[in-house]
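Here's a walk through a structure, from a strand out to an interface.

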Amino acid sequence: MRVFFGPRMRTLLLAVLMLPALGCGEPPWNNPNPPSPEGQVVYQSVMSPAPPKHLDPATSYASDESLFLMQIYQPPMGYHFLKRPYELIPLGLEDFPEIRFLDEDGNEVAESDDSLAYTRYTLTVRADEHYQPHPAFAMNEAGEPLYLFDDAAQGRRFSQVPDFPQTGDRPLRANDYAYGIKRLADPQLGSPMLGFMSQYIVGMSAFSEQLAQVPRDGWVNLDEYDMAGLEVEDERILHITIHGRYPQFLYWLAMHFFSPVAPEVDRFYHNPGFAERNLTLNWWPVGTGPFMMVRNDPNSEIVLERNPNYREDYFPSEGAPGDAEAGFLDDAGKRLPLVDRAVFRLEKEVLPLWTKFLQGYYDRSGENHGNTKGVFDQAFIVGPDGVEMSGDVADHGITMSPDVKPAIYYYGFNMRDPLVGGYTEEKRKLRRALQIVFNVEEYLAIFYKGNGITAHNLIPPGLSGHLQGEAGINPYTHEWVNGEAVRRSIDEARKLLAEAGYPNGRDARTGEPLKIFIDVQTQAIGNTQMNWMDRIFGQIGVQVEYRPADWNRTREKLLTGNTQIYSHGWLADYPDPENFLFLLFGPESPLLCKCDGANNSNFEHPEYDELFRKVRVSAPGPERDAMVARMVEIFREEAVWLYAYYPKDIYLNNSWVHNTKRHGISKATLKYIRIDSEEREQRRREWNQPVTWPLYAAGLLLVGLMLPGVTAYRRRQNATARQGEN
Amino acid sequence: MLAYIIRRLLYAIPILIGVNLLTFTLFFVVNSPDDMAVSQLGEKYVTPEAIAAWKVKNGYDKPLFVNPDAAGVAAFTETIFFNKSVKLFAFDFGRSESGRDITTDVSTRMWPSLAVALPTFVIGIWVNICVALMVVMFHATRLDRWAVFLFVSLMSISYLFYIIGGQYLVAKTWRLVPVSGFHTDGQVWRFLILPVLVGVIAGIGSGARWYRTLFLEEANQDYVRTARAKGASEISILFRHILPNALIPILTGVVVLIPALFMGSLLIESFFGIPGLGSYMLDAIKSQDFAIVRTMVFIGSILYIIGLILTDISYTWADPRVRLN
């Protein structure tokens, strides 16, 4: 009997049929995560698609980087995780700093005293705060640093921090905070805070100038140079003196710029040859926080692990109203952190990120990936009560964590522009007409699925100065009707436009159509949005021309005032209205300060500026609130921005993630996250059973494709020349 | 041959200078040193002093090409172009604008790139050649016509579609492999299956069609007819006669790519989360990191030149009649 398949073909067929069993191991096969260390609870997340560039607390200034820094470092102050409005709490300090006001001679004066020249903050560091284990603190038997090398060859075998076999630690000292502040002034580091903080911290500029003269060859011990505004009293007490009054300084103390840096650590990272292997403080932060960095491969993943020396810290037992009902107080009193390890993977594209989240391999989605919106949107539907989750996502037991960011996105008028700028009544009417016609509610509903709130005020919700309800609406663009804000009519806009000298959108003097120019950032707008704007401005006969440019060119235009209407945004550094009101402070105009000023509208209003100067130095209270309210009123009267909205952010959480309350300002929230790892494991298995029939089908298809070829080949080989001729 | 290689290497110097000049010019047409400083320092509270200090620290405080304040040769040497370019030729790539050592990064990231690119390249060529030879065997039959139709169809589909389709079907729907990622924990192959499969399938259309054309030219030669007349089997004719004789054009297209495998693939690495050099370059462009862009273009140029030299050398191996003079 003739065998149809030869021995080779039989082997191939067998191999194809065995494919599904080839080394695939225990399902699920699609698990991208390596096995977790035994007994550890690992939080799985992603980092920003643009990996961190700086992890040095002096030079980093990106929220993606804060995500790591704020788990590792403990600045003097922090924020309460649950309470709203945002509440400052001592973090690295025993208590709130003690504040004293001084005159020029250093005598104590009252806060309201005109002779006040300085404010002195006295910081008392916690006694139980310890650094993470780190080779910088490792000592030999003689009590000398173990890892100090004379030349690069000695330390060549160490390419990353975990390579060092010996580590040590020590308690936090007040001087470490002083050292961290001195680093902000080191011109070699180029901290973005240097220019700004030099205005406040006494002696910072002089310190920086002094350091600039110091020849640099290896480590420079900053302790050998004094900064007038810093005085270390003892191991636990530090005095910081700033010029004048600046109540917001407390908020700055809650930012990573003011993190402690141990001089030993700075010296360690200046070992010869370390920088060539990226062994720097910029890549291997060292702190006293709940986590420490154990792996830093910005090309692939960053891994944080519980700091074994972290002080006793417990989950808060108080929160905002509704927190208990939402389960945010279920872990009250538990020792923090609640996870042992956190892995942040680099995920550049949205589709794999989303797929892995739905497969249960990422615990949360949207947390730190600015590009998720496109795919993310599929998860939502706009229901009667606002944004809801679509069926598939809801079936997974996924929960939503929405939050209105303490931020504002806006299109501003250039107040120096001859057409739309100026402070006459006609110009105000023109701007108001354009404001009315720009239907922000519709814009947000169409392009952002309602994930934004129309801004009637330049101060976002959650901050003092932001009023809700009728008292909070902009009366020039909206009316309060039946308990809600209703945009004024197009007819009203037409009327205002006519009064401004442009009846039916044409210049009353020349008859020329009114044309406005909007500078748009190419990456932030699409054709559909521009078409929408054409349509809405067309309702009152106004033509629009767009001038798209990338951020660099847009920035140039803003710096030179060469713009008519521009797009911009602002994310709060701290939860104080001052941080938003300064967006219209006259001296912040780039044309006046000849710098990257924040007042891109070049708005100049003497009353507003005077009020801002007072608000900046006054303590919270009714008097300050009244000044803020008047400034908001001026903002509305003058119609400085075409439109503005507060963006809403939504994170999605798999069902096993707990304590997911969002914090708009602080990133130091990882220690509160709890993972139910048993449920996670069970769900992952349930959701990821492999489908094997395609493997068999592919094998059979391969055989099916080869079979006719093999048959035809054999027939051809066996054919005779005569048969071929026939 | 040695003299030829040395001559070719010397020719490379002006080419590299030209490429470097072009990269430099194009980069600074789009970005100014001030833009780079702002990009690195952040967009808030950036003072002119901070920008100036950043430029001094990173060597961008000089004029781009000509320094009017300097005299003689210094007018050209005291410039950003000169200072940033000369070190490249000594293979001192320096630091990225964010402070990382570029040589370390490149040497770390080339391995993941190779891990994907090399199997894709080798398996791809093998599959393409086998498929093309099979189609040539059935030349002018219905199978051949359908195969050409299939090749053209495969060529017409966007590469992105293969990636997204592959991820959707294999990783998401069938859950057979991870959708993306890369771990060097002994199971790296699990992360390579899908990108390699996608890379190979996406290349079949154009590759097999190209090889089919080459093989068909050879299949009509007299020596093939002679071999067939002598009773050689079709397999023998294809692999022992046609394939070696079609090697020169194959080598022209293939050998030049070998050194460039180190550079990785922008799309594959980005979508599959492979921490290779392709995504390194992409990140650098996005973050306006001129130091990395300059280095990667420089390395890419060198590898391309090496590829061309290797191609020439391979001709002498494939065809003994070729002499490199």
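Predicted model: local features only at pLDDT ≥ 70, side-chain atom pairs only at ≥ 80, totals over all residues.

Residues are numbered from 1 along each chain as its sequence is written, chains are lettered from A and ligands numbered from 1 in the order in which they are written, and side-chain values use heavy atoms, with hydrogens and water left out.

Let's start with strand E1 of chain A, residues 42–47. Helices (H or I, at least four residues) and strands (E, at least two) are DSSP runs, numbered from the N terminus. E1(A) is mostly covered, with 6 of its 6 residues buried; buried means under 20% relative accessible area, exposed over 50%, partly exposed in between, using a 1.4 Å probe and protein chains only. A:Val42, A:Gln44 and A:Val46 point one way, A:Tyr43, A:Ser45 and A:Met47 the other. E1(A) runs parallel to strand E11 of chain A (residues 341–346), joined to it by 6 bridges; strands pair if DSSP finds at least two bridges between them. Across that pairing, A:Val46 stands opposite A:Arg345 in E11(A).

Now find A:Phe68 in helix H2 of chain A, residues 63–72. Its relative accessible area is 0%, so A:Phe68 counts as buried. Leaving out residues up to four places away in sequence, A:Phe68 touches A:Met47, A:Pro52, A:Leu55, A:Ile302, A:Leu304 and A:Phe344, where contact means heavy atoms within 4.5 Å.

On to the two chains. Here 55 residues of chain B are in contact with 65 residues of chain A. The size of an interface is often given as the accessible area lost when the parts come together. For chains B and A that comes to about 5,300 Å², 52% of it on carbon and sulfur atoms (1.4 Å probe, summed over both parts).

There are 4 salt bridges between chain B and chain A, a salt bridge being a side-chain nitrogen of Lys or Arg within 4 Å of a carboxyl oxygen of Asp or Glu. One of them joins the side chains of A:Glu276 and B:Arg95 at 3.6 Å, N to O.

Technical notes
Buried area = accessible area lost by both parts, 1.4 Å probe.
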